[in-house]
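Please read this note with the sequence and the model side by side. The points below go through a few places in turn.

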Amino acid sequence: MYQFALNRPITVLMGVLTFIVFGIMSYRTMPVNLFPNIDFPIVTIQTTYKGADALTVESKVTDLIEESVSGIDGIEQITSSSFEGFSTVAITFELERDIAEASNDVRDKIGTIDLPQGVDNPIVSKVSASGSVINLFISDKAGDTQKLMLLADEKMKPKLQRVRNVGDVDIIGFQDREIRIFVNPDLLNKYDISALELQNTITNENYRASAGKVINDKQEVIIKSRGDALKISELKNINIKEGVKLSDIATVFDGLSDEDSFSELNGLKGVMLTVEKISGTNALDIIDGVKDIFPELESLAGENYKLKLIQDESKKILVSLNQVKFDLVFGALLAVVIVFLFLRNVTATILSAFAVPISIIGTFAVMDYLGYDLNKLSLIGLTLAIGIFIDDAIVVIENIMKKMEEGLPRFEATLVGTKEIAFSVLGISAMLLAVFIPIAFMDGLVGKFFNSFAMTVACGVVISYFVAIMFIPAFGSRMLSHKESKFFYATEPIFQKLDRGYVFILRYLVKFKYLTILSVVGFLFLGIMASKNVGMDFLPIEDTSEYQILIKGDIGISLDEMKRKVAPIVEVVNKEENTVDSVLSIGYTDSKESHKAKIYVRIKPLKERTVNQSSIIKKLRKEFSSIKDMIITIEPVPAISTGESNANVQVVVKGDTLEGLNKTSKDIKALLKTIDGTVDIDSDFDDNKPEYKITILRENAKQKGVTTQQIASLLSAAFSSDISISTFEDRGKQYDVTIRLEDSSRRDLNDIKKIYVRAINGDLVSLDGLVNIEKQVGVATVNRFDRERKVMVTAYKTEDVALDSIVAKLDEKLPEILPPGYTYRYTGEIERMQDTMVSFGAAITLAVILIYLILAALYESVIQPIIIMVSMPLSIVGVLMALGLTGMNFSLYVMIGMILLLGMVGKNAVLVVDFANQAIKDGKKVEEALLEAGEKRLRPILMTTFAMIGAMLPLALGTGAGHESNAPMSIAVIGGLISSTILTLLVVPAIYRILYPVDAWLRKFYEKEQIV
């Protein structure tokens, strides 16, 4: 290849320019995201069963749905929650499952279920588990709530739903238009009418239907039967009985449904439209689509409404990506400067510097062709690999320069120098690629992370190899010059002293080879012992300039009371000096639970603050600790949603009885309180919901001539407005007509006894004496995991405590807490962390095997790969020591860096071993060969190592967005590079001296005369 490049430089140049052109085009058009697509395909099934309690919903709806879908292929887990009148089932499929196919399979199964009468048709949706990607808040300047609701539901929501790949648009704080009938029970009794009779009369009198067709030879005409009210006044005038109109006994008005959720922005009431994406789609594309139609939405709203986009995920994504792009460019410049300080030759530095943009831009073209997007992991991969890209070019250029210094003409020096070093470059590249092959076998969320990083670096390595073997010789033969500057001659004595000093040390290291190895082993042991404080997390906590406060009040609390209780918390948040926006949402869950509230808070960007996000959260936790009648949880908005909760610790306990689960959850919460570093401990078990249990006294009812169904229907007509009794049509839309007693007549227990039911003899009979009423508490929610009842206990951790230390203490005590027959498992971060460790261990093992196989094939030796691979364990000690000294923990990012590190550290040993092999072939003794290899390869090894470190310094020392994740990874790699470089220079020659005789002896058995 290099001979072709030397002869056809213009062809090589055109090939490079082709990569650059297509790379720039790909960079401009590639999908952009914060992380690779790690959305699990999740299909949710929501079903309404009005009037049913949680236990009834569980047995008659949730269980039937779970049973029907559990046989679908590719399911990872099924979770469900049964509330009063509402069921939600979430089916999580394997990451590789196509979401469209999965949702179709679910719909097919749901269609075969025979649900009880009164259950609405299940709604199947395929939304992402990561929540909304952007929200739209609308407030009304004129104070006309009804018009605000109509605008949000009929104008704004359809526009947002039509944005490509939007999965769902929910409206928090929404109240639908509803024709409401509030009945006065005293007037009902006065006119001898029961509430049930009133309901039936309205249903029968306000009615419309199609009555068929009139058909003759020439035409067919549809017959419509209309008896429904066209105006509210007509509805009021419905005759209930002779001489009594509806308006005589009830208040009828065109209003809004009961308020079941609430939203306000910075203290201003309004509604919030949350935009959720379909699982697997690009968030930035959806956000851009929403922003594109925003002027149209403002035009629809007019001057009476204020619109504001909030919780815009694109800001977080772009800030983080732009920071990494800056680190990429800055790191490349630092690497080039370091190369110049070693080479001290402008033309050589410029030529080697070309390798970086060519490799990076060319990688964009290949990645785009392979279908990958541009994300933080791919950009970090390119940043970490800058040293690799420039390293290949440096090795070739440095060898060419040596040949020129020996007196060879420029063209011949290029040919001989490239030929001499080509095998080493191939070995280094092959070893790097071998590290990334196991990544292809990793699946799940962790596999997606590693795959994006690995494929990016692998593409860059392949391109940089061709740059080193083709582009560098093609133009080095025409550009390089051995004439040096004054700066070179002024600094050369320093490098010569360094060479001589290393050779002096190396002579003793080789002579006392066994002592050298024992010393290194002792250092490794001390390094490991000194790094015992390094813990394990799944992902570091990043400062994203936003956090949220989750609040749980007493179950059964009214929405108005929850507003009053939350108001002081909102006030404290808004007074915090770094707060920019705060959004309060009450009843924000699918089941509209009024005892749950969430405050989303956006704070000033990191560069505009003097304190970090964690300090703000810690201060607020302390301030809210005095509030005892509500459970308050403060959490950063996570970059990756790991399940139904964002808590660091999630313990799921499965068992048969709710009582047992409740007791177990309390025991686990007590245990977590004893573990240092856990805060905001809670569980999802919601009990103590106040309720009236009405038992119908059958004998008494029978004596009075009243049926059980009459009494149940009467209670529903009097106290529930959840069920529509009729409809009202206006401008092509239908609105529910609901009925119930007026608010003043349904406040307490005695109001139930005041209502009357029609007996068989025609008399009105009071419910007093026909029913027994007990005040009790019940379960608000029944949660299940894989078709078993479960409770999830959650906790957050402080930054000074590693997640694995909490897990170790839990594993020690949990078996003692659980009753017989109960099991536990971890979800969320802990589950992902454990999966990561297993996948990482398997990948490392396979990578080491592949590296050995490739090196053995390249060197035609079973011993020399062992010499080269000694550098790998030496680097791990550097990783642990670097993390230990900086107080950082092991995490997914560090593991990703270590995958790359395994390939990077072997290159130094390859350079030494390859040169020593050549020297021995030229007739030198082993000791002489090693000393010459050390002298000739010291500068390239130091230069490439420092160039790699320089490229990573912006990531390691940066304080911008995402530095909490970038720093541990880059510091770990830097630590591994430093330790492996130093120890490789010391121990590899010693091991080579020990193992070379063994290698030479083995070669006698398998090396024969070669066929020419």
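1. Where is the place of S70? S70 sits in the loop between α3 (54-69) and β2 (75-83), where helices (H or I, at least four residues) and strands (E, at least two) are DSSP runs numbered from the N terminus. This is a predicted model, in which local features need pLDDT of at least 70 and side-chain atom pairs count only at pLDDT 80 or more, while totals for chains, interfaces and linings use all residues. Residues are numbered from 1 along each chain as its sequence is written, and side-chain values use heavy atoms, with hydrogens and water left out.

2. S70 counts as partly exposed because its relative accessibility is 34% (buried is under 20% relative accessible area, exposed over 50%, partly exposed in between, with a 1.4 Å probe and protein chains only). Leaving aside neighbours within four places in sequence, S70 is in contact (heavy atoms within 4.5 Å) with I75, I78 and R787.

3. The axes of helix α16 (residues 410-436) and helix α27 (residues 829-859) come within 8 Å and cross at roughly 160 degrees, and the two are therefore roughly antiparallel to each other (over 145 degrees). Among the residues that meet are F423 and L426 in α16, and A847 and L850 in α27.

How values were computed. Axes fitted to C-alpha atoms, helices over the stretch in contact; angles between N-to-C directions. Parallel < 35°, antiparallel > 145°, perpendicular 65-115°, else oblique.
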